[in-house]
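Student: Hi! Could you walk me through this fold, one piece at a time?
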Amino acid sequence: MVSEQQKKILVIEDDEDIRTIVVTRLKRASCETIVAADGQDGLRWFYGDRPDLVVLDISVPVMDGWQVLERLREMSE
């Protein structure tokens with residue numbers, strides 16, 4: 001059975017236009033969104049909010065997407 005609770009999705013994307021498009025579509029699908037413009041911020045949000053899903057750009061500043069993915073895998077199922 002699917003919960004009626006909104007799904008929380010973290011979007012890690014440095015391009016403002018792409019980030020806006022992704023967030024807009026997720027909100028239309030009744031998802032709660034959290035946004036980060038770089039990998040390090042994304043990890044902070046992940047550790048603090050524990051989202052249900054992460055949408056991750058591979059080429060983000062500070063820590064690239066591959067580094068972020070490695071850390072996320074260490075901390076999640």
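This is a predicted model: local features need pLDDT of at least 70, side-chain atom pairs count only at pLDDT 80 or more; totals for chains, interfaces and linings use all residues.

Student: Great, sheet to begin with. In what order do the strands come?
Tutor: The order is β2-β1-β3, in an open sheet of three strands with parallel pairing. β2 and β3 are at the edges with a single partner strand each, so one side of each has no neighbour in the sheet. From one strand to the next, the twist averages 20 degrees.

Student: And how many bridges join β1 to β2?
Tutor: Five, and the two strands run parallel. Within that pair, L10 is opposite I34 of β2. On the β3 side, β1 is joined by four bridges, again in parallel. There V11 has V55 of β3 as its bridge partner.

Student: Is β1 mostly covered or mostly open?
Tutor: Mostly covered. Five of its five residues are buried.

Student: Which ones point which way?
Tutor: K8, L10 and I12 point one way, while I9 and V11 point the other way, and all are buried.

Student: What handedness does the β-α-β unit have?
Tutor: It is right-handed, and is made of β1, helix α1 (residues 16–28) and β2.

Student: Where does α1 lie relative to the strands?
Tutor: Helix α1 lies across β1, β2 and β3. Its direction is at about 165 degrees to that of β2.

Student: Switching to α2. Which of its residues are buried?
Tutor: Helix α2 covers residues 39–49, and its buried residues are G39, G42, L43 and F46. They are on the same side of α2, because they cover an arc of only 100 degrees around the axis.

Student: Why would residues spaced like that end up on one side?
Tutor: An α-helix has 3.6 residues a turn, so residues three or four places apart point the same way.

Student: What happens at the two ends of α2?
Tutor: At the start, a side-chain oxygen of D38 comes within 3.0 Å of the backbone nitrogen of Q40. Just after the helix, R50 has a positive phi of about 45 degrees.

Student: Tell me about D38, then. Where is it, and is it buried or exposed?
Tutor: D38 is in the loop between β2 and α2. It counts as buried because its relative accessibility is 15%, and the cut-off for buried is under 20%.

Student: Which residues does each one touch?
Tutor: Not counting residues up to four places away in sequence, T33 touches I9, V23, L26 and K27. With that same exclusion, V35 touches V11, R19, V23 and W45.

Student: How far apart are V35 and R19?
Tutor: In space they are 7.9 Å apart, C-alpha to C-alpha, and in sequence they are 16 residues apart.

Student: Nice. What should I take away about β1?
Tutor: Two things: β1 is paired in parallel with β2 and with β3, and five of its five residues are buried.

How values were computed. Residues are numbered from 1 along each chain as its sequence is written. Side-chain values use heavy atoms; hydrogens and water are left out. Buried means under 20% relative accessible area, exposed over 50%, partly exposed in between (1.4 Å probe, protein chains only). The arc is that of the directions from the helix axis to the C-beta atoms. A polar contact is a pair of N or O atoms within 3.5 Å; within protein, one must be able to donate a hydrogen and the other to accept it, and residues adjacent in sequence count only if both atoms are side-chain atoms. Two strands pair if DSSP finds at least two bridges between them. A crossover is right-handed if, with the strands pointing away from the viewer, the path from the first strand over the helix to the second runs clockwise. Axes are lines fitted to C-alpha atoms, for helices over the stretch in contact, and angles run from 0 to 180 degrees between N-to-C directions. Contact means heavy atoms within 4.5 Å.
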